[in-house]
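Here is a short report on one protein model. Keep the structure in view as you read.

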Amino acid sequence: MALDSARQIARTALELPADIAPAEAFAAAAYADQIDVRFATFKDGRGFSLAAMLRQNGYEGGLRAVGHLLPDQKDALLRSGFDTVEADDASAPARWARKGAAHIYQPDPGAPQGRHSALHRRALAARKARADALAQELDGADPETILARALEVYAGRIALLSSFGAEAALGLHLIAGADPETPVLFLETQRHFAQTLSYKDRLVAALGLKDVRVLEPDVDEAAREDADGKLYERDGQACCELRKVRPLARGLEEFDAVITGRKRYHGGARGALRAVEFDGERVKINPLAFLSPDEVTDRFKALDLPSHPLTEIGYASIGCLPCTSPASAPGSRDGRWAGEDREECGIFDPALEARARRAGSIRLI
Ligand code: SF4
């Protein structure tokens, strides 16, 4: 890249002056996952316009305002398209250090609910294009390569989702080795086996995971929709919506990408898993997708990872107690919702976005 006013500060990170020509900035953005826009003076409005134009042009990587800025400019900067703001003044108040700003860009709080703005639609299209390109690059790669690239591209905007089930230790070990500060999301459905909860505590301590977030069903929704605690008997899908789909939607609000432990050998729709997928709103990273059952077993042994206690009595895939039975073979998911006409709880279903929107749990702009 030969751009006079752009300064390469890392392989995929650039610093641009606030007064750079838009065309030059767009060309630079094509090569960057992270852009810092440097304000020489807080009076320079061109940096605000530059951020908005980059977002409108489809850039959806990290965008940070740096330089000579004032604290009361922060909200306007975030609304312009920046996702973080960093003033030069080292004594700037702690409120500058906002972490995990909302994905894509800060929405206009006055925008009507239930509709994507044109800007948001363009940003989603850019996110999909980025995910498709990453899938092309990473399909078939080993777990370490897929994870490292995902952490690089979605830095600060990515979390791992774990069931702390039969195969979960592998993905958790992977993330602990790459970055133990990565948020780990656990869906506390309040229907887990006691062994899962104790295994979770054991793994978190053993692997040194620093940011495990427990996502629970909303108390009022649970009282209203599952007063007797037996919704799973009457309508399992509704129970999963209450205890998994909606809590996860709330937990993911600050993230653009989520790492899963799914593998192709799980079968069903997972048989065609890609390394990176776009679900209409967020990106799913599947670093373990291409492992075979033998490779999973070998890795468990080589790493000396502790097993979930229920695997010793035939549970190969472990979810909630009422909906999980021993499986017919190692690696099989046929013990999940046995006797029901479904293979998934809904959190990985392509219809997730539509269902969650109906439930009012994802605020669209
Ligand atoms: Fe409810 Fe079963 Fe779904 Fe758990 S897996 S949330 S108990 S229906």
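## About the model

This is a predicted model, in which local features need pLDDT of at least 70, side-chain atom pairs count only at pLDDT 80 or more, and totals for chains, interfaces and linings use all residues. Residues are numbered from 1 along each chain as its sequence is written, and side-chain values use heavy atoms, with hydrogens and water left out.

## Helix α2

Helix α2 spans residues 46-56. Helices are DSSP runs of H or I with at least four residues, strands are E runs of at least two, and both are numbered from the N terminus. In α2, G47, F48, L50, A51, L54 and R55 are buried. Buried means under 20% relative accessible area, exposed over 50%, and partly exposed in between, with a 1.4 Å probe and protein chains only.

Seen down the axis, the buried residues of α2 fall within an arc of 165°, so they line one face of the helix. The arc is that of the directions from the helix axis to the C-beta atoms. G58 follows α2, and its phi is positive, near 100°.

## Around the ligand

The ligand has 11 residues around it; G236, C239, C240, C320 and C323 come nearest. Here, a residue is near if one of its heavy atoms lies within 4 Å of the molecule. Helix α10 (residues 236-251) gives the most to this shell, with five residues.

C240 counts as buried, at 7% relative accessibility. C323 also counts as buried, at 17%. A disulfide is a covalent bond between the sulfur atoms of two cysteines. The test used here asks for a pair of cysteine sulfur atoms within 2.5 Å. By this rule the count is zero disulfides.

## A loop residue

S332 sits in the loop between α11 (293-303) and α12 (352-358). At 17% relative accessibility, S332 counts as buried. P293 is 39 residues from S332 in sequence, and their C-alpha atoms are 9.5 Å apart.

The structure holds three cavities of 30 Å³ or more. A cavity is a set of points, on a 1 Å grid over the protein atoms alone, where a 1.4 Å probe fits but cannot get out; lining residues have an atom within 4 Å of a point. The largest cavity has about 620 Å³ of space. A volume is the space filled by probe spheres set on the points, which are joined across faces, edges and corners.

The largest cavity is lined by 39 residues, and S162, S163, G261, R270 and F348 lie nearest its centre. Helix α6 gives the most to this lining, with five residues.

How values were computed:
1 Å grid on protein atoms, 1.4 Å probe; cavity = no way out; pocket = protein on both sides within 12 Å on 5 of 7 lines; lining within 4 Å.
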